[in-house]
Amino acid sequence: MWDLWPCPISLCLVTMASMQRSIGASPTAIDGGGDSRRWSRRELIDHLGLVGAGALAASMGGGLVGVLGHAAPAAASTGATSSGVNRKFRYGMVIDTRRCVGCKACVVACKAENKTPPGVNYTVVVEDTRDNPDDKPLFLTKPCFHCENPPCTDVCPVSATFKREQDGIVVIDYDRCIGCRYCITACPYGARTFDFGESYPAIEEETAWARVPSPEYRQYRARQHETSPIGNVRKCTFCLHLQDEEGRYNKAAGRWPACAKTCTGHAIFFGDFQDPNSEVSLLLRERQAIRLKEELGTEPNVYYLL
Amino acid sequence: MHDRHLKQMFWGAGIVFVLVGVWGWYVRLTQGHLDTDYGSLIPWGLWVASYIYFIGLSAGSFLISALVYVFGVKRFEAIGRTALFAALVTLMLALLAIWADLGHMGRSWHVLAYPNFKSPMAWMIWLYGAYFLLLAVELWFLIRRDLVNGGRGSGWKARVYRVLALGSQEDSDVSVAHDRRVVRVLATIGVPVAIMFHGGVGALFGVVAARPAWNSGLFPILFLLSALASGGALLVLVTAVFQDGWRRNRDTVVALGRLVLGLLLLDVLFQVSEYLIAGYGNVPGHVAGLKLIFTGPYWWVFWGWQLALGTAIPIALLAARRTRNDPRFVSLAGLLIAVGFIGLRLNIVIPALASEEVTGLAEAVASPRLSTEYFPSLSEWALTVGIVGLGLLLFGLGEKLLPQQKEDPVDVRP
């Protein structure tokens, strides 16, 4: 997708960003935007006015542009850590559908990790039913895509759901959400579910399970009648409660999204798209990936390999 | 039928409905959303549909009252106050319905405290606030002199009037002329406000690109036309039942009937346009919504409720030479439209939601909350019926308590 962006613009953004850094400007969106990959379509449009003249100049040297466009991610990754940029990570997933056997271990692992009640699912496995029963079925494990342009956050009347600046994870403030469910209608992928207040029997019967809180958002809420997150919309958080203080995950230490950690076929790859050497970045470079409903311009951060 | 019987029926229905509603509200307040039948695939149900229905009635009634107070249309003068009062009552009903729909009713103030003006919903709530104030103030100026006069005597009614008059004592014709100027200014401000908030309700659905059946530029316009048609129908009904009833308001009822016919036909034109474009376009998501409306499990909501009851029969009654001048038939048409448009509102909200965003979503997890099937639960119906009942009682009380239109000076122009 990013290759489609007119390279003069990315070139000129890189130039401007490095200029700003060199003159020691305060951290701004532009400062953090040295990496053209980090620019969402909207941000680009917002800043087109600023860079118009630069783009014109850059477009004259068309030959250089392609090279620099590709070089940009590597060049900027150092800048991302050294300067005080807003966006430190761009977390996402690459899901290899040919490795998925449809065992739904991810669904169960997610439930165990986040203690979600019945009817609330942060990830599901949908099966594309084929016309011919002999065809190999297509399974699609479907967490929240943490879109670059999430349509769900704009419609929230109280800004209770938003995309985090530091890592692009779309979150919900349970204490602010009024439960209007407008965001559910706005999500084109069915990634959001409403917590109606149902509980599994072990919790309804007030066994020891009922007192085990959910680690979500590190808020450790136990399930209580009519208390948040009951009456709220809920969604996948990429298990952000497992991040360290700097916002990093650690696969070796087990601090990794539960679905990716548990996947029996190793179909779910998780990582930082901003790091050119991450597993997910490598996969994107080497394989042909698709995203769902590209036509809506949401730019999901979850890719599928077919 | 005698007028008195009509009013008794009105009160009887209101009381029964409210009693049913008490149970619905009890279930809602004690169990939250547990007893509702919608889920996460169809996240909005009967309450949202009734909300857009009531708010449509409010916007429609108000815009028709503006014919009198902004444009000075003499023919509808007799219903000016009723229209304004109807707008106020139905606005309250709409807010009640959407309040019950919230997951956290106690947090409704968040919309005022932390508004996100990128969201059409935030705009709507703020405009409702402005509109509510405007309606209340406009109505007060409209009946101020009657309140002053009525507050002179003794007894409970005079005491209520004295409180409502807010200390105003002036009853000269000059002061009434001043009141009228204020009303005219407020009504003039109200017209764009009403168009904005109700067009905004249409936009609330229209902007959702994820639901192709909503994502149409016609939606705001369609909402306004439906509002005008259903609001007009409500006014026909109220005029026929209240104040002096259909016998004395004969000319007004018949004239309103003509207006409603025009608005209804315009509304049908826009709906046909929406259906045709979507149908011929053949975009799967869009067509899925239409198929559900026309041939889905609730096909009768469209063919029976919305089309036959709410559109075809009323058009026939309002157009046929034998019935269009008879206030009884015109009132019947008003009743049919007012009831039939509930079907229209249900068909706006639910079918567009009832198809999976990603194929296989409804089968992925065995949960009634992840289903493309929806039929409102008993308590959902009860709560809604209760809101309707409250509306009937408020209309009744309004007629009993508030000064009547006939005391208005004839000339509304300053």
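Which residues does Ala97(B) touch, not counting residues up to four places away in sequence?

**View 1. Surroundings of Ala97(B) in a predicted model.** Ala97(B) touches Trp47(B), Ser50(B), Tyr51(B), Phe54(B), Thr384(B) and Ile387(B). Contact requires C-beta atoms, placed from the backbone, within 7 Å. The model is predicted: local features need pLDDT of at least 70, side-chain atom pairs count only at pLDDT 80 or more, and totals for chains, interfaces and linings use all residues. Residues are numbered from 1 along each chain as its sequence is written, and chains are lettered from A in the order in which they are written.

**View 2. The largest nonpolar core.** This core holds 190 residues. Ile268(A), Ala97(B) and Val260(B) touch the most other members. Helix 2 (residues 46-69) of chain B gives the largest share, 17 residues. A nonpolar core joins buried Ala, Val, Leu, Ile, Met, Phe, Trp, Tyr and Cys residues through C-beta atoms within 7 Å. Buried means 20 or more other C-beta atoms within 10 Å of the residue's own.

**View 3. Helix 12 of chain B.** Helix 12 (residues 299-319) bends by about 50° at Ala308(B). The bend is the angle between axes fitted to the seven residues ending there and the seven starting there. Its buried residues include Phe302(B), Trp305(B) and Leu318(B). Among the elements covering them are helix 10 (250-281), helix 11 (284-295) and helix 13 (327-349) of chain B. Helices (H or I, at least four residues) and strands (E, at least two) are DSSP runs, numbered from the N terminus.

**View 4. Where chain A meets chain B.** Here 41 residues of chain A contact 39 residues of chain B. Strand 2 of chain A gives the most to chain A's side, with five residues.

How values were computed. Contact = placed C-beta atoms within 7 Å. Buried ≥ 20, exposed ≤ 12 C-beta atoms within 10 Å, placed from the backbone.
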